[in-house]
Amino acid sequence: KNDDLKVNINTANAEIIDILLAAAVSDDSTREMLGQAINDHLTTTGKDGRSRYFRKSHLSAYAFLDEVGLTRDVKVVSLAVQFLRNITVDSQYFSVVSQINGSYHKVYAVLGPQEAKSSNNVLSSDTTDLVVLTWREI
């Protein structure tokens, strides 16, 4: 179904990724290998020093495995196909509540498919000490 809930792989935490991998029919070593490859991809920077992330073009098994640097072994491809059924790179909705360290000022944003609202109580444009208090994404 097109309306199934999917997880944004670029923002999901490691525990969610592990749960999705555990739900697939595969052996533990293959799950662990793919999970580590995904984690490495998302937590290391590219040659240009920028963070890496997955794009829509990576959501087929072969492209996904090529992107994370794994071979197209039958077991790995099978796991990737199952895993990718629950994955997207787009979010339909998310909200973020943040604050600047050392103050009570908060930044609040809600973004949805057809609306974007934000409230910014912070006067400073310096966000180097910005702390995310909550993050919710669907």
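Predicted model: local features only at pLDDT ≥ 70, side-chain atom pairs only at ≥ 80, totals over all residues.
Residues are numbered from 1 along each chain as its sequence is written, and side-chain values rest on heavy atoms, with hydrogens and water left out.

Ile87 lies in strand β2, strands being DSSP runs of E of at least two residues and helices runs of H or I of at least four, both numbered from the N terminus. Apart from neighbours within four places in sequence, Ile87 is in contact (heavy atoms within 4.5 Å) with Lys6, Val7, Ile9, Leu20 and Leu59. Ile87 and Ala12, which are 75 residues apart in sequence, have a C-alpha to C-alpha separation of 9.8 Å in space.

The protein contains four helices and six strands, which follow one another along the sequence in the pattern β-α-α-α-α-β-β-β-β-β. Of its 138 residues, 30% are buried. Among contacts with a separation of 6 or more, 54% involve residues 24 or more positions apart.

In helix α1 (residues 14-22), the buried residues are Ile17, Leu20 and Leu21. These residues cover an arc of only 100° around the axis, which puts them on the same side of α1, the arc being that of the directions from the helix axis to the C-beta atoms. On the other side of α1, Glu15, Ile19 and Ala22 are exposed. The buried residues of α1 pack against β1 (7-8), α2, α4 and β2 (87-88), and Leu20 is itself one of the residues in contact with Ile87.

Helix α3 (residues 61-68) has Ala61, Phe64, Leu65 and Val68 as its buried residues. Viewed down the axis of α3, these fall within an arc of 95°, so they line one face of the helix. An α-helix has 3.6 residues a turn, so residues three or four places apart point the same way. The buried residues of α3 pack against α2 (28-43) and α4 (74-84). Helices α2 and α3 pack at an angle of about 65°, with their axes 9 Å apart; the axes are lines fitted to C-alpha atoms, for helices over the stretch in contact, and angles run from 0 to 180 degrees between N-to-C directions. At this pairing, Leu34, Ala37, Ile38 and His41 of α2 meet Phe64, Leu65, Glu67 and Val68 of α3. Helix α3 is followed by Gly69, for which phi is positive, near 80°.

Gln82 is situated in helix α4 and is buried, with a relative accessible area of 18%. When residues up to four places away in sequence are not counted, Gln82 touches Ala24 and Val25. The Gln82 side chain reaches the backbone nitrogen of Val25 at 2.7 Å.

Technical notes
Buried < 20%, exposed > 50% of the residue type's maximum accessible area, 1.4 Å probe, protein only. Polar contact = N/O pair within 3.5 Å; in protein donor to acceptor, adjacent residues only side chain to side chain.
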